[in-house]
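Let's take a walk through this one, a stop at a time. Have the sequence and the 3D view open as you read.

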Amino acid sequence: MTSRFSPLSEIKTPQRQLGASDRLDCWFQEQAFRAHFNLRGDPQNSDFLQAVKEQLGFDLPLVPNTVSVAGRWRGCWLAPDEWLLLGPGRSEPFETLVGDLSAMHHSLVDLSGGQTVIRIGGPAWRDVLGSACTLDLHPRVFEAGHCAQTVLTHSNVLMIHAHDDARGEALDIVVRRSFADDLLRWLIDAATEVGFELHRPRT
Amino acid sequence: MLQIDCPWCGPRDQDEFQCGGEAHIVRPADPEALSDVQWADYLFNRANTKGAHAEQWCHSGGCRRWFNVVRDTVSYQIADVYLVGDSPPKENP
Amino acid sequence: MSGARRSPAGGLIDRSHSITFRFNGKEYSGHPGDTLASALLAQGIRLFGRSFKYHRPRGVVGAGAEEPNALVQLGEGAYSTPNLRATQIELYQGLTARTVNGWPSLAFDIGSINNWFARLLPAGFYYKTFMWPRSAWTHYERFIRRAAGLGVAPTAPDPDRYDKMHRHCDVLVAGGGPAGLLAALAAARAGARVILADEQSRFGGSLLYSDAKISGESALDWVNSTVDELRANSNVTLLPRSTVTGYYDHNFLVINERRTHHLGPGQADPRVSRERLWRVRACQVVLATGAIERPLVFEGNDVPGVMLCSAVSTYIRRYAVVPARRGAVFTNNDSGYQAAVDMAWAGMEVSAVVDLRPRPTGQAVESVEALGIPVYPGHVIVATRSNAKGLNQIELARLTDNGSDILSHKGLLDCQVLAISGGWSPTVHLHSQSGAKARFDDGLAGFVPGQSVQAERSAGSSAGTFDLAGCLGAGARAGVAAARASGWSGGHLDIPMTQAAQSGSIQACWEVPSTELGPTGAKKFLDFQNDTTVADVQLAVREGYRSIEHVKRYTALGFGTDQGKLGNINGMAVLADALGQTLNETGTTTFRPNYTPVTFGAIAGRAIGEDRFDPIRKTAVHPWHVRQGAKFENVGQWKRPWYYPRHGEDMHTAVNRECAATRQGVGVLDASTLGKIDIKGPDAAEFLNRLYTNRWDKLQSGRCRYGFMLGEDGMIMDDGVTTCLEPGHYLMTTTTGGAAAVMGWMERWLQTEWPQLKVFLTSVTDHWSVMSVAGPRSRQLLEGLGCDFDLGGAAFPFMSMREGSVAGIRARVSRISFSGELAFEVSVDANSGLALWEAVMEAGHRFDITPYGTEAMHVLRAEKGYVIVGQDTDGSVTPLDLGMQWIVSETKDFIGKRSLARSDTARDNRKQLVGLLTKDPAYVLPEGAQLVNAPSESRPVPMMGHVSSSYFSANLMRSIALALVKGGASRMGNTVYAQLMDGTIVPAVITSSVFLDPENERQRQEAA
């Protein structure tokens, strides 16, 4: 197998930098080499919804800005006829899905090389993100099961409320490959005051 | 900074949107049948409304859907948001 | 000792610490808690600056944002900030400041000559005199600007960090005085998310200098316990030192938080931003911005020592400064009486309370009389006398019963401080910025908030409620209402009790009558900073000005850095009087953001420098380019290798080498930045037919085609190669810069015009890493690398695509060429892009493989006459102008087709693409050069076109250029002349735009 490089491979990990109060109130970790598939199809077509459910185990979310989860796969609402399927990689149920969908009008496109996930957490993650994000991320408004697309520092991103097994509440930022390095550097700089740890990527 | 209520994603900052200008301009079915003047009217001439103005916006920083907005060009207040294909709301419902 | 004029006890200053600072080069000391103004007043400093026009000596008038006179240049070098108000600068150790206005020195001011010639400097003087003759203005301007003073912007880069914070809240409360504190408390108890911002270092507003009791405790204790409760509530964000500076559309407000100013330059932790700009979307807004006291307008009202009553009280109670030994009060309302009480409390002799009102009564008056202070009802001050240190006498006169004239003179009174109050102007700035219109209230003699147009409500003195009990009640009610309107109705709040005096009546007075016995020619100042007088406004009216907006610009009323916070209402009233209008008819000038000046640093935030001003997009191979020492070019937001200099080569040499290597051996280009769109659905071919000028319904799987996309106006918008992956499934490429726009354009047609077409689009630009392997050895190289499919011309013809494995990596390989050479574009999952690139480089070693950048790419394509959209086209070029009729289908409609038949688009003398060969083969024309038929033609010489691309071609050993020339297609062989900026005239011959291999034999190379 040839070597793979994530879009964040030029940023040194791990690194840590204490904040002004000698704390590390924010952490980042790339969730590298995930499977990203863009799915488009007719939400009125029950065969389409059923095919996805059978293979991936969840109902495609029809409510805007929500996420469905089953096992290691997540389905994120992107548009009324568009979703991001985020998972561990191509696997048998996924290959079956490709076959099942072939008869109906749809589009299932591999974007795995074109996107990555920056996970951000820690007690100050909302403030760090608040320096760029115009959305209301207050826990009253943005909670588990929610996602939202927005623009961070001129980059279009998808933000997904997440739970990190090791570190608790977090946010996954799905960003296009070419913007990823710029965005992470920007976020690290934004975390200067609160202090941050950048962990080795999780692959 | 306007706040625009995307019919899908809800209220978002104007920065996430792109304005497409006047709404409800339909492309002529047979352009070849039109005179230069008629074609130019479709192509170039716009109402430049003062007051309630129906216009197309795209949530380019979000769901990338186009939709219609009735925006007052004087006060910038947004009176209505509706999907492409729907008729503009009556002025005084 | 922090000064001769400091009280021995009291005030909100920390006497256990002393701070030394410098003002105009001299060292002083003060205490934490002082402002620069209070510390200097405590030292007995009275002269703070000179006025803008007449250069009259001026002292501190106010104690806050309204201060027009005490402007200083704070700090040194890169940290220096101009035009700050000494009344708002918190004192810190080592502070240095100097007066901004008073060149060459504060004591001897050359500009004060203007004062002697004051009669010659009426309103509009500069406009009238110095603008003529126009040529002389540049000379005058230099002198005027220098004489006018005002601070200097630092020239060194700002060393501090600035940032921004976006926030949503249920209730934003602007102003943390009694009304604002209670509004925030009420809303917070109801459960709302609250932001409370106040421009001062601590919350409390007017309570910071009040002797009132609230709920039985001192005002200060009540403030502290209220702030404690708010601080303990996790739904509340407290922002001291934060000015709500702008109120924009849809309840979007901007707050400027000054986080480290009070520590002094370089003292704060460098990780902490100096200022933060909060961008807040508030569901509801409570404006508790208070009110600004107005001066009274009388002759000599500008001498140092004349101060607002509220300022005198503030300096005494908050800063423990006794501003003078003897003071007096001149007022038209009850506020003046509190100042008299405070002066007496501080041990000052109070010579008089001069009250315009004929019969003032009530609690305030009684408390002054009880102290034995003489009260002069129905009296005014008609003149001031001053010495080198400022005010020392005031002249008292009695008004006639109707108050319109002077009845009799009552002699002189000694005093060094005169506290004046002409009433209060509610701070309606934010209300007005929100789009609402303030209205004049005759009873209050001030503009009060009108009908709200956004989700805001005013409370307290900003709404015209001037007594403490009223402010507390109004604040609580506003907080409850705002919380409820944002969906929160819990909690409970008792309105605290206070025994503070009710506010009494006011007798409006916009101009104190002049005395015939007084000193003639003395001025009544409206705007202290700009020296606008009553006479100036009256003159403007005599000269025909009617609109307040015009009078403002003519007289400079309210044009200073204080934006007329102090003087505008008086000025508007004088104008209304001169016009015979009511104040509502005259109206106000437009209140615009920002309320007080905001630094550029705060506005820019962290979006500065090459790294953060604009995002930088990188390809998967970027690290390799960096390691090779590539020079980069910005294309859109992308960083693309421009050329790869070897061993100190200059650009010209490097590009020539890269071009030659690609034509003779093999070159590689990182082509990943091109836009890529996956198009899928049964109507995909039909959709492409409508988008592109040529036909797509016959394109077979595995084949590629080049296309032009036009705007509906017929002009070329984008171009690129689209490949049919399988029936109903295509991969489109776009230009690098046009990718997002084209994707949006296509989605727009699908969503708004042709929703019946079954087509799905997905942007895949970032998924594919693309390298173009070009040159006669490219096929050989790829074969050596290991491809699991036949690369031969018969099996894999030009303009086709194969999927397979290249160097063990899954790839799509396309035989397309932008260089005119045999070329293969290899696309792989971008995670493997770098691995593929390195494998190709290694395999190419024996062919002396040469990476080439965008500059060589441009030269190679220009040799072939291939256009670049956006360089050889500029939004006014059709495919016909490029001589590419072959790509325009006659048999179908497409976007922009009808426009190609418009009379203007169809005429034959449009600018058309041609090649140009300079007579001197070594001369490379500058791009953009204008072309003429003959330089000898009479002027204006008709412009025949321009050069769009121009290079030195190493392969042709001469310069080549592409140009757009009027009627160029039918002018082959003609000579045109490029007329350059420096006068050089360069002759060039019009030729075909294809300079190399017109039969396209190189790129086809089918017989391999």
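At what angle do helix 1 (residues 46-56) of chain A and helix 2 (residues 92-101) of chain A pack, and how far apart are their axes?

## The helix pair in chain A

Keep in mind that this is a predicted model. The two helices pack at an angle of about 165°, and their axes are 9 Å apart. Angles over 145 degrees count as roughly antiparallel, so that is the label for helix 1 of chain A against helix 2 of chain A.

The crossing of helix 1 of chain A past helix 2 of chain A is right-handed. On the helix 1 side, the contact is made by A51(A), V52(A), Q55(A) and L56(A). Helix 2 of chain A brings P93(A), F94(A), T96(A), L97(A), D100(A) and L101(A) to that contact. Sorted by class, the residues of this helix-helix contact come out as 7 nonpolar, 2 polar and 1 charged.

## Where chain C meets chain A

Chain C puts 39 residues into its contact with chain A, and chain A puts in 39 residues too. On the chain C side, at least two residues each come from strand 8, strand 34 (675-680), strand 38 (760-763) and helix 23 (833-843). Strand 8 of chain C gives the most to this side, with 6 residues.

## Chain B and its side towards chain C

Chain B has 1 helix and 6 strands. Reading from the N terminus, the order is β-β-β-α-β-β-β. Its C-alpha trace spans about 40 × 30 × 25 Å along the principal axes. Chain B has 93 residues, and 26% of them count as buried. Take the contacts in chain B between residues at least 6 apart in sequence: 50% of them join residues at least 24 apart.

Over at the boundary with chain C, 21 residues of chain B are in contact with 21 residues of chain C. Helix 1 (36-44) and strand 4 (52-58) of chain B each supply at least two residues of the chain B side. Helix 1 of chain B gives the most there, with 3 residues. That side of chain B divides into 10 nonpolar, 6 polar and 5 charged residues.

## Helix 5 of chain C

Is helix 5 of chain C mostly covered or mostly open? Mostly covered: 12 of its 12 residues are buried. Among them are P178(C), G180(C), L182(C) and even R189(C). The elements these buried residues pack against are strand 8 (162-174), strand 9 (194-197), helix 6 (219-232), strand 12 (236-239), strand 15 (275-287) and helix 11 (468-485) of chain C. Strand 8 of chain C is also the one that gives the most to the side touching chain A, as noted above.

Just after the helix, G191(C) takes a positive phi of about 105°.

## A look at L399(C)

L399(C) sits in strand 22 (residues 390-399) of chain C. Why does L399(C) count as buried? Because 22 other C-beta atoms lie within 10 Å, and the cut-off for buried is 20 or more.

Beyond its neighbours within four places in sequence, L399(C) is in contact with L356(C), G378(C), H379(C), V380(C), I406(C) and L407(C). A339(C) is 60 residues from L399(C) in sequence, and their C-alpha atoms are 23 Å apart.

Definitions and conventions: Residues are numbered from 1 along each chain as its sequence is written. Chains are lettered from A and ligands numbered from 1 in the order in which they are written. This is a predicted model: local features need pLDDT of at least 70, side-chain atom pairs count only at pLDDT 80 or more; totals for chains, interfaces and linings use all residues. Two residues are in contact if their C-beta atoms, placed from the backbone, lie within 7 Å. Helices (H or I, at least four residues) and strands (E, at least two) are DSSP runs, numbered from the N terminus. Ala, Val, Leu, Ile, Met, Phe, Trp, Tyr, Cys and Pro count as nonpolar, Asp, Glu, Lys and Arg as charged, and the others, Gly among them, as polar. Axes are lines fitted to C-alpha atoms, for helices over the stretch in contact, and angles run from 0 to 180 degrees between N-to-C directions. Angles under 35 degrees count as roughly parallel, over 145 as roughly antiparallel, 65 to 115 as roughly perpendicular and the rest as oblique. A crossing is left-handed if the near helix is turned anticlockwise from the far one by less than a right angle, and right-handed if clockwise.
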